[in-house]
Amino acid sequence: MKTIKLLSLAFFAMIALSATETFAQKEKTVTVGGAPMYPSKNIVENAVNSKDHTTLVAAVQAAGLVETLQTPGPFTVFAPDNAAFDKLPAGTVETLVKPENKATLTGILTYHVVAGKLGSKEIAEAIKKGNGKATLTTVQGGKLTAWMQGKDLYITDENGNKSKVTIADVYQSNGVIHSIDTVVLPKSE
């Protein structure tokens, strides 16, 4: 009797594992930073696997935003890649991740997040309705301006700095990520 129960349990475990693997294989993934981004995973679960976003992940951890970005959201994240952070003046990232600068870092990171799930198609429609520009309100409270040049999507911060979306529509269980090539900054005070 024990043998039958164990065999039954093993059989059901194999079916469950097989179904999970089949589901993961059928998910439409986008490769970012050499890793597949799974729509069934949340923003943090995917971002930690991108070798192109290690600086962003470290900054999110330093700002204490990991838990927030694991909630259902939904969020639209304009995610600067490592090269974007490399464009900042030397020492900027190292200074921002210090505990005494947590509020400033949090403000910068939440300036890259818009509430809701806005894919490139929705953003392009908003740009069209806005006669070439769409204003997006960030979680930080500032504004980003979205616009297009040909088929390329850009965002401009409140200081006039522009950033190109290099990888669009990386869908997550709790939103969408658009990888960008420049860190955008809230209005200088």
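Student: Why is the pairing of the K51 and D52 side chains called a salt bridge?

Tutor: The N to O distance in this pair is 3.8 Å. A salt bridge is defined as a side-chain nitrogen of Lys or Arg within 4 Å of a carboxyl oxygen of Asp or Glu, so the pair of K51 and D52 qualifies. In general, side chains of opposite charge can pair when their charged atoms come close. The model is a predicted one, in which local features need pLDDT of at least 70 and side-chain atom pairs count only at pLDDT 80 or more, while totals for chains, interfaces and linings use all residues. Residues are numbered from 1 along each chain as its sequence is written, and side-chain values use heavy atoms, with hydrogens and water left out.

Student: Which term applies to K51, and which to D52: exposed or partly exposed?

Tutor: Buried means under 20% relative accessible area, exposed over 50%, and partly exposed in between (1.4 Å probe, protein chains only). K51 has 56% and is therefore exposed; D52 has 34% and is therefore partly exposed.

Student: How many salt bridges are there by this rule?

Tutor: The count is 2. Besides K51 and D52, the side chains of D152 and K164 form a salt bridge, with 3.5 Å from N to O. D152 belongs to strand β7 (residues 152-156) and K164 to strand β8 (residues 162-172), so this pair ties together parts 12 residues apart in sequence. Strands are DSSP runs of E with at least two residues, and helices are runs of H or I with at least four, numbered from the N terminus. Both partners are partly exposed, D152 at 32% and K164 at 26%.

Student: What makes H53 count as buried?

Tutor: Its relative accessibility is 6%, which is under the 20% limit, so H53 is buried. H53 lies in the loop between α2 (43-47) and α3 (54-63). Leaving aside neighbours within four places in sequence, its contacts (heavy atoms within 4.5 Å) are with V32, A79, P80, D81, N82 and S179.

Student: Why is the pairing of the H53 and S50 side chains called a polar contact?

Tutor: The separation is 2.8 Å. A polar contact is a pair of N or O atoms within 3.5 Å; within protein, one must be able to donate a hydrogen and the other to accept it, and residues adjacent in sequence count only if both atoms are side-chain atoms. The H53 and S50 pair therefore meets the distance limit.

Student: Which residues of α3 are buried, and what do they pack against?

Tutor: The buried residues in α3 are T55, L56, V57, A59, V60 and A63. They pack against α2, β3 (75-80), α4 (82-86), α5 (92-96) and α6 (102-110).

Student: Which element of the protein has the lowest mean pLDDT?

Tutor: Helix α1 (residues 2-26) does, at 44, on the scale of the predictor's confidence in each residue from 0 to 100. Over residues 3-25 the pLDDT is below 50, and this stretch has 2 contacts beyond near neighbours in sequence. Where pLDDT is low, the predicted coordinates should not be read in detail.
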